[in-house]
Amino acid sequence: MATAAYETEKKPKGDDVSVVGSEKHGHEGSFDDDSIVEGSEGVTQREFATLRLVPDKINFSSWLVIIVEFAERWSYYGTINVLNNYVRASLPQGSRDGSVPPGPNHGNGIAGALGKGQQKSFTVRTFNSFWFYVTPWLGGIIADCYLGRYNTIMLFSIVCLAGHIILVAYGLLFLAVVVMGIGGGAIKANVSPMIAEQYTGKLRKVTLASGEDVLISPAVTIQRIYNWFYAAINWGSAGAISASFLARDHGYWAAFLVPTCLFVLVPIVLAAGRKNYIVTPPRGSILLETLRVIAMCVGDKLSWNPRKTIKQLRAPGFWDVAKPSSYRGGEMPSRITWDDQFVGEVVRTLKACQVFSALPFFYLCYSQIDGNLGTVAAGMRLDLLIFLRNLNPIVIIIIIPIMDLLVYPALRRNGINFTPIKRITLGFFIAGLAMLYAAILQKFVYEQSPCHDNLPSECVDANGDPNPAPINVWIVAGPYILVGMAEIFTSLVANEYAFTKSPKRMKSTVMAFSLFMQAISAALNLALTAVNVEDRFTWLFGSFAVVAWIVGLVFFLYFRDLDKQEAALNVIGTGSREGFANETADVTTAVHHHGEEKLGKAAGPIV
């Protein structure tokens with residue numbers, strides 16, 4: 001039986017994606033029922049179209065990476081979560097370290113230090129977000145081209161730890177933010193692809209104890225891995241609730257010390273499990289080769305006539321000029337150092353980058369829970385406010401197991417393919433609802449505040465004590481819950497999409513591009529500094545709601561055809577291949593363990 005790689009009946013011009021299977025699994029096209037799905041262990045097209053997809057087990061090395069992410073995220077959020085009030089609020093009366101002195105108002109008191117106000121606090125937090133999501137480019141390029149993911153994470157974990165020490169020992173806030181951003185951003189670009197590459201299984205048929213034949217699906221397994229990876233992120237975020245208590249009760253030195261101690265787990269766990277990790281050998285020229293593929297295909301297709309240029313760029317066979325199979329023996333240009341499958345991977349990567357380009361508008365909504373919603377809550381009765389600010393990760397921790405163990409399996413049993421494009425679209429609409437809720441709530445808080453100056457968080461009584469609006473702060477739980485739900489369908493899926501749609505040798509760089517969308521969002525937020533003030537929150541939140549809904553609608557309409565190609569995109573590069581020049585094919589396709597990163601060294605069998 002031949003390996004299947006069949007063209008769609010209605011393929012967009014210039015597209016170069018082969019499609020397998022049926023619409024049941026998110027793709028369409030004619031095919032031979034007895035042909036083998038590319039990259040599978042003998043699974044036929046008929047079986048792929050009719051059998052239920054189920055996930056495989058998460059292996060030990062993936063759980064080790066989950067622990068690493070948990071510790072790194074606890075340290076990050078444990079530090080960042082208290083920065084808003086550290087910069088915004090002044091020292092409480094009678095305090096020297098930012099803690100709230102014992103007394104009748106201790107529970108309602110807010111830890112503070114610098115007293116620079118809302119705008120300065122917003123600027124510091126937004127710069128941190130921007131910087132933290134620019135630096136993944138550094139980690140991605142170093143990992144893919146020079147050191148590999150494991151070694152890059154180990155190196156930059158030391159850098160990040162140095163940033164934490166600078167903050168705890170010397171209190172140099174800006175320097176600490178810069179150093180932690182370099183280390184943390186480089187780690188972020190690599191830990192996400194590293195966890196998924198620990199899984200090396202292929203599509204295969206198994207029979208359950210019930211007698212039902214099912215397919216163990218790599219795509220569904222990776223979806224499960226990223227569900228629990230994202231849960232680990234939020235376990236760390238929820239654990240960082242201790243920082244708010246420590247700042248209030250013991251001051252900021254203690255609040256910054258605990259995350260530093262937690263971060264020490266990162267290099268320890270990495271080193272302890274080093275013999276278990278699956279690694280991908282770096283290739284120094286991988287980025288240059290990607291650019292060469294694009295340049296060769298664009299080549300002479302550019303014209304001073306825009307209409308002619310567009311026509312040529314969308315013409316069938318656009319990518320053929322970069323494929324070695326397009327040339328007879330001896331005629332292939334020397335600059336082609338890749339195989340046909342790599343060209344398909346580049347095409348797929350460009351499609352993924354188009355998908356990521358919509359994410360900055362989602363992150364505008366998400367960014368509000370880091371500071372602005374905290375300011376909204378500060379103008380209300382502060383009953384259990386510290387818990388409220390951590391409600392977002394708690395919601396995610398609760399919902400992810402429900403989705404992974406109940407909702408997604410139920411959808412698959414009923415033949416419903418809840419693809420990444422659909423999930424991301426749903427995330428946009430839920431984020432819009434969160435912002436609408438926040439806008440209405442903020443208007444209500446303005447009206448109920450005793451000060452009636454549209455600055456309820458700054459309202460104090462004659463004694464200088466907080467004088468909040470007579471509204472229970474738990475009413476602001478709505479946006480936190482909704483944003484948490486939206487994250488599951490957007491931020492989480494972005495990690496999954498970046499891994500499954502990028503070349504094996506370039507996953508960290510593509511992940512860096514995905515993360516860079518948060519830096520763009522932070523830059524947009526900086527541009528909105530003038531309206532990021534408390535007395536304009538209603539209009540700010542309302543505007544974000546409208547933007548999220550419009551972008552979500554346009555996103556789905558534009559990418560709905562790509563959505564139908566999901567399974568075809570996932571199998572590119574998973575079958576047999578020629579490999580790159582100056583190395584054997586198994587350097588790309590084989591399973592390598594830590595210590596085998598050098599090209600061709602002790603490559604394991606293809607699995």
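**Exercises on strands and helices**

Strands β4 (residues 204–207) and β5 pair in the antiparallel sense through 4 bridges. The model is predicted, with local features requiring pLDDT of at least 70 and side-chain atom pairs pLDDT 80 or more, while totals for chains, interfaces and linings use all residues. Residues are numbered from 1 along each chain as its sequence is written, and side-chain values use heavy atoms, without hydrogens and water.

**Exercise 1.** Determine which residues stand opposite Ile 216 of β5.

*Solution.* Step 1: strands are DSSP runs of E with at least two residues, and helices are runs of H or I with at least four, numbered from the N terminus. Two strands pair if DSSP finds at least two bridges between them. Step 3: strand β3 (residues 52–54) runs parallel to β5 (residues 213–216), joined by 3 bridges, and Val 54 stands opposite Ile 216.

**Exercise 2.** Determine how α12 and α14 are oriented to each other.

*Solution.* Step 1: the axes of α12 (residues 286–298) and α14 (residues 340–356) come within 10 Å and cross at roughly 85°. Axes are lines fitted to C-alpha atoms, for helices over the stretch in contact, and angles run from 0 to 180 degrees between N-to-C directions. Step 2: angles of 65 to 115 degrees count as roughly perpendicular; α12 and α14 are therefore roughly perpendicular to each other. Step 3: the contact (heavy atoms within 4.5 Å) includes Val 293 of α12 and Val 346 of α14.

Conventions: Angles under 35 degrees count as roughly parallel, over 145 as roughly antiparallel, 65 to 115 as roughly perpendicular and the rest as oblique.
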